[in-house]
Amino acid sequence: MADDRERAEILVTGVHKRINDAFQVFDHDLNKTVDVREIGAIVRSLGCFPTEAELLDIIDEVEEPNGFICFERFLPTMSKILMENKYRPIPEDTLLKAFEVLDQQKKGHLEPNELTEYMRQGDEPFTQLEMEEMLSSAVEPDSNLIYYKDFVNMMVLDGER
């Protein structure tokens with residue numbers, strides 16, 4: 001019984017450390033607060049990928065009236081999310097199939113404008129900032145193309161951290 005409790009405490013301590021480390025990257029004033037606009041990046045850096053609506057729910061739960069997020073309010077909410085394995089990334093094979101549907105000529109790559117067009121459609125279109133962030137990591141600088149197998153592999157590895 002004590003071993004189970006010790007393991008649980010070690011697990012919770014590790015989760016808290018991950019959250020703290022991610023939060024500190026964006027705590028520029030070192031006052032245990034971050035701008036509400038940083039929460040999406042923090043949550044994604046922890047390997048969670050909520051929809052925009054789900055992210056807004058998280059923000060509603062933790063946002064202070066001044067537009068900032070206080071670490072003490074963020075920690076329990078994010079701990080619960082991580083412990084429950086919520087908002088996990090889409091499996092690699094599913095992502096590859098989605099890119100292959102977009103790549104109708106089966107070239108193995110997409111052009112940035114093609115991907116931008118697709119990502120701005122649908123129920124939850126990407127914002128300009130989200131598109132810029134994604135393209136900055138997805139586009140191969142030498143060819144100005146998105147080799148989606150490499151990109152999906154990189155996204156999966158980032159999500160496992």
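The model is predicted, so local features need pLDDT of at least 70 and side-chain atom pairs count only at pLDDT 80 or more, while totals for chains, interfaces and linings use all residues. Residues are numbered from 1 along each chain as its sequence is written, and side-chain values use heavy atoms, with hydrogens and water left out. The structure holds 5 salt bridges. Its largest nonpolar core has 24 residues.

**Nonpolar cores**

- A nonpolar core is a set of buried Ala, Val, Leu, Ile, Met, Phe, Trp, Tyr and Cys residues joined through side-chain atoms within 4.5 Å.
- Buried means under 20% relative accessible area, exposed means over 50%, and partly exposed lies in between (1.4 Å probe, protein chains only).
- In the largest core, Ile19, Ile39, Ile42, Ile69, Phe74 and Met78 touch the most other members.
- Helices α1, α2 (39–45), α3 (52–62) and α4 each supply at least two residues of this core.
- Helix α4 gives the most to this core, with 6 residues.
- Helices here are DSSP runs (H or I, at least four residues), numbered from the N terminus.
- Another core, of 14 residues, lies apart from the largest one; among its members are Met131, Ala138, Ile146 and Tyr148.
- Not counting residues up to four places away in sequence, Ile19 touches Leu46, Phe71, Phe74, Leu75, Met78, Ser79 and Leu82.
- Contact means heavy atoms within 4.5 Å.

**Salt bridges**

- Side chains of opposite charge can pair when their charged atoms come close.
- A salt bridge is a side-chain nitrogen of Lys or Arg within 4 Å of a carboxyl oxygen of Asp or Glu.
- Arg7 pairs with Asp4 in a salt bridge, with the closest N and O atoms 2.7 Å apart.
- Arg7 and Asp4 are separated by about one helical turn because they are 3 residues apart in helix α1.
- Arg7 is exposed at 53% relative accessibility, while Asp4 is partly exposed at 45%.
- Asp21 and Lys17 form a salt bridge too (2.8 Å, N to O).
- Both Asp21 and Lys17 lie in helix α1, 4 residues apart, which is about one turn of the helix.
- Lys17 is exposed at 52% relative accessibility, and Asp21 is partly exposed at 34%.
- Asp35 and Arg37 also meet in a salt bridge (2.7 Å, N to O).
- Asp35 counts as buried because its relative accessibility is 19%, whereas Arg37 is exposed at 71%.

**Asp103: buried, with no salt bridge**

- Asp103 sits in the loop between α5 and α6 (112–119).
- Asp103 is buried yet has no salt bridge.
- Leaving aside neighbours within four places in sequence, Asp103 is in contact with Gly108, His109, Leu110 and Tyr148.

**Tyr87**

- Tyr87 lies in the loop between α4 (71–83) and α5 (92–102).
- Tyr87 counts as buried because its relative accessible area is 18%.
- Its contacts, leaving aside neighbours within four places in sequence, are Gly47, Cys48, Phe49, Pro50, Glu54, Ile58 and Ile81.
- Tyr87 and Tyr147 are 60 residues apart along the chain, and their C-alpha atoms are separated by 25 Å.

**Leu11**

- Leu11 is found in helix α1 (residues 2–26).
- Leu11 is partly exposed, with a relative accessible area of 48%.

Note on methods. Lys and Arg count as positive and Asp and Glu as negative; His and the chain ends are not counted.
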